[in-house]
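Let's take a friendly look at one protein chain, starting with a single residue and then stepping back to the whole.

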Amino acid sequence: MMRRRTLLASGMAGLSMPALAQGAEWPNRQVRLVSPFPPGGAADLTARMVAEELTAALRQTVFVENRVGAGGAIGTEHAARSTPDGYTFLLASTGPFAINPGLFRLNIDPSRDLMPVAMVAIVPSIFIVNAAVPARTMTELLALAKAQPGALSYASGGNGTAQHLFGELLKQMAGVDIQHIPYRGGGPAMTDTIAGRVQILCDTLPLALPHIREGRVRAMAVTTATRNAALPDIPTVAEAGVPGYEATGWYGIAAPTGTPAAAVERVNGEINTLLARPAFREKLLGVGAEPAPMTPSAFGALIERDRARWTRVIREANIRPD
């Protein structure tokens with residue numbers, strides 16, 4: 001565990017990363033960005049936006065290769081087992097890096113076999129309730145849950161999903177008893193929340209926002225540390241009475257451990273430059289992601305914090321995957 005923490009916290013320090021061959025210019029051929037999720041979703045769209053911009057910045061084609069399945073584990077393992085030569089990168093995200101290690105017996109250890117390169121964006125979520133719930137605020141909702149243990153329920157897209165864990169973290173930190181109702185995907189979970197078959201759902205902000213604006217559900221609190229510009233009047237969960245609560249998804253870039261330092265530093269620099277450009281920031285905001293530039297070491301520290309948090313939640317809630 002100490003070695004794992006050192007690797008993540010240092011980002012590149014302590015890793016055996018060979019230099020590029022003397023006299024070689026990187027990149028001198030096309031670069032692969034593995035996306036462990038299906039085309040069309042927000043994660044894959046983020047990968048394709050990054051690849052397009054890096055193609056221009058690096059003056060070499062950066063192409064997206066989809067390797068999907070097992071909640072991102074298949075593509076993540078494929079990238080981890082690739083040659084660490086600076087020509088394979090991975091779209092990293094919360095599930096494969098911070099949740100799956102606590103749920104599954106994986107063939108790889110992301111903290112050992114992959115290294116943080118660059119953070120791209122935070123993905124905010126929000127707790128919502130159906131219109132029939134009498135609580136008008138998150139504070140009132142928590143009071144209702146405490147007054148009626150087990151009477152309220154919350155939906156998720158399945159056991160071990162971020163939706164599930166965000167709800168379990170709320171239960172543990174707020175000391176409330178709310179029943180978890182798993183669905184086979186986020187779509188059915190939202191449908192039954194709107195219909196009133198379950199009372200509560202924690203979903204990503206871009207998916208929830210249209211339903212909030214149409215009045216089909218009521219916004220309670222955002223899961224981020226600060227309020228969201230799209231809903232400035234909606235408090236954070238921490239502001240609503242659960243100090244220290246913070247739960248977000250994220251997208252970043254990782255690489256096989258041993259990837260040359262020059263390639264890691266170049267990609268990190270190019271992505272941080274992209275995140276400072278207003279046009280690219282607007283693209284990310286369009287898929288519900290908030291730009292979050294970081295150094296490799298800062299990104300590694302975030303991964304380690306999230307992994308520790310979700311492993312603890314999984315253990316304390318005795319969560320088993322579907």
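Buried means under 20% relative accessible area, exposed over 50%, and partly exposed in between (1.4 Å probe, protein chains only). Ser 156 has 0% relative accessibility, so this residue counts as buried. This is a predicted model, where local features need pLDDT of at least 70, side-chain atom pairs count only at pLDDT 80 or more, and totals for chains, interfaces and linings use all residues. Residues are numbered from 1 along each chain as its sequence is written, and side-chain values use heavy atoms, leaving out hydrogens and water.

Where does Ser 156 sit? Its place is strand E6, residues 153-156; strands (E, at least two residues) and helices (H or I, at least four) are DSSP runs, numbered from the N terminus. Leaving aside residues up to four places away in sequence, Ser 156 touches several others, including Thr 161, Gln 163, His 180, Tyr 183 and Leu 201. Contact here means heavy atoms within 4.5 Å.

Now for the whole chain. Twelve helices and eleven strands make up its secondary structure. Of contacts between residues at least 6 apart in sequence, 78% join residues at least 24 apart. The C-alpha atoms fill a box of roughly 70 × 40 × 30 Å, taken along the principal axes.

Two percentages for the protein chain sit side by side here:

| Share | Value |
|---|---|
| Buried residues among the 322 residues of the protein chain | 53% |
| Contacts joining residues at least 24 apart, among those at least 6 apart in sequence | 78% |
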